[in-house]
Amino acid sequence: MNIKKMLKKEVKDLCRNYIGLDIGGKAAAVVGGTRFGGVPDVPADFVWPYYEGEDYDEVVKSRPMSFIAQFNCAELAPMDAEGLLPKTGLLSFFYEMETMRCGFDPKDAGCARVFWFEDSSTLVPAQVPEDLETDHRFPMLQIAMEPGTSYIDMEDFRLYLDDDAYWFYTGEIDEIYEELDIAENTSKLLGWPHVTQGSIMSDCVFASSGYYTGDPEGLAKIPQAEREEKMKTALEDWRLLLQLDIADLEEENFTFCDCGRIYFCIRQEDLLARRFDRVWLILQYY
């Protein structure tokens, strides 16, 4: 088998299931239903999440998070071929929209939250905090879902191979991705992330371990042995939970970081243990 065929087989073997999200159109306020924005459904004793961190003036303060979306797990189960998500209950996603942390700084911990409410039958509409600004409250929209097959992004394939092998075979890899004619996956649950600024998994590994990854100087402070070890395991340890793309929401006049994507990521062991409090968020711009 020549090198190009071998690499193409590896790309195909690395495919993962994903659930594509088509967001738009007015949604019905059904308790426990899948939807984007609006008012979340929560247990009666739910405490709205706040993020405590620096604002643009470098003043530490507490501010309410924005509700992003909720998903009925029973609706997801038939499309979750790998069986990674809960089969019952409701998954709810929140993000701090005032400063929109990028996830490159260990201080960004807690800027995004995911809740799993195991018993949907007890949920009620939440009381939205009065100090959540109107601009940070999103319109309630429908989410249509469809399963698909997700190819590993070229940036993650580079991480999978290691830099030397990637650059040595970069011509073959470019040809492989052209031949596969991989459609750009935008908003989705699970699968491989489609990135715009490099692998998000390496950012998750280092930032969640206490290292700043927002510039070369920060990366240079990571001990080489630790950097190499963590890079090797990043793709195995971390999984994409939710990717949300502004381009999917332009017709709804939805403004989100001007232009970009947010990625809710989680270690696979935490996902399977339902420890959704351990998610890490990365924001990338086009």
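Colleague: What percentage of the contacts in the protein chain with a separation of 6 or more do residues 24 or more positions apart account for?

Modeller: Contact means heavy atoms within 4.5 Å. In this chain, 76% of the contacts with a separation of 6 or more fall to residues 24 or more positions apart. The model is predicted, so local features need pLDDT of at least 70 and side-chain atom pairs count only at pLDDT 80 or more, whereas totals for chains, interfaces and linings use all residues. Residues are numbered from 1 along each chain as its sequence is written, and side-chain values use heavy atoms, with hydrogens and water left out.

Colleague: How many helices and strands does the protein chain have?

Modeller: Helices (H or I, at least four residues) and strands (E, at least two) are DSSP runs, numbered from the N terminus. Here there are nine helices and 14 strands. The radius of gyration, taken over C-alpha atoms, is compared with a globule rule of 2.2 Å times the number of residues to the power 0.38. The chain has a radius of gyration of 19 Å, close to the 19 Å from the rule for 286 residues, so it is as compact as a globular protein of that length.

Colleague: How is the packing of two helices described?

Modeller: Two packed helices are described by the angle between their axes and the distance between the axes. Axes are lines fitted to C-alpha atoms, for helices over the stretch in contact, and angles run from 0 to 180 degrees between N-to-C directions. Helix 3 (residues 154–161) packs on helix 5 (residues 170–180) at about 140°, with the axes 12 Å apart. Met 154, Phe 157 and Leu 161 of helix 3 meet Ile 173, Asp 174 and Tyr 177 of helix 5.

Colleague: At what angle do the axes of helix 3 and helix 8 cross?

Modeller: The axes of helix 3 and helix 8 (residues 224–237) cross at roughly 130° and come within 9 Å. From helix 3, Asp 156, Leu 159 and Tyr 160 make the contact, and from helix 8, Met 231, Ala 234 and Leu 235.

Colleague: Is Phe 67 buried or exposed?

Modeller: Buried means under 20% relative accessible area, exposed over 50%, and partly exposed in between (1.4 Å probe, protein chains only). Phe 67, at 4% relative accessibility, counts as buried. Phe 67 lies in strand 6 (residues 66–72). Beyond its neighbours within four places in sequence, Phe 67 is in contact with residues including Trp 48, Phe 93 and Phe 138. Phe 93 is 26 residues from Phe 67 in sequence, yet their C-alpha atoms are 6.3 Å apart. Across the chain, buried residues make up 49% of the 286 residues.
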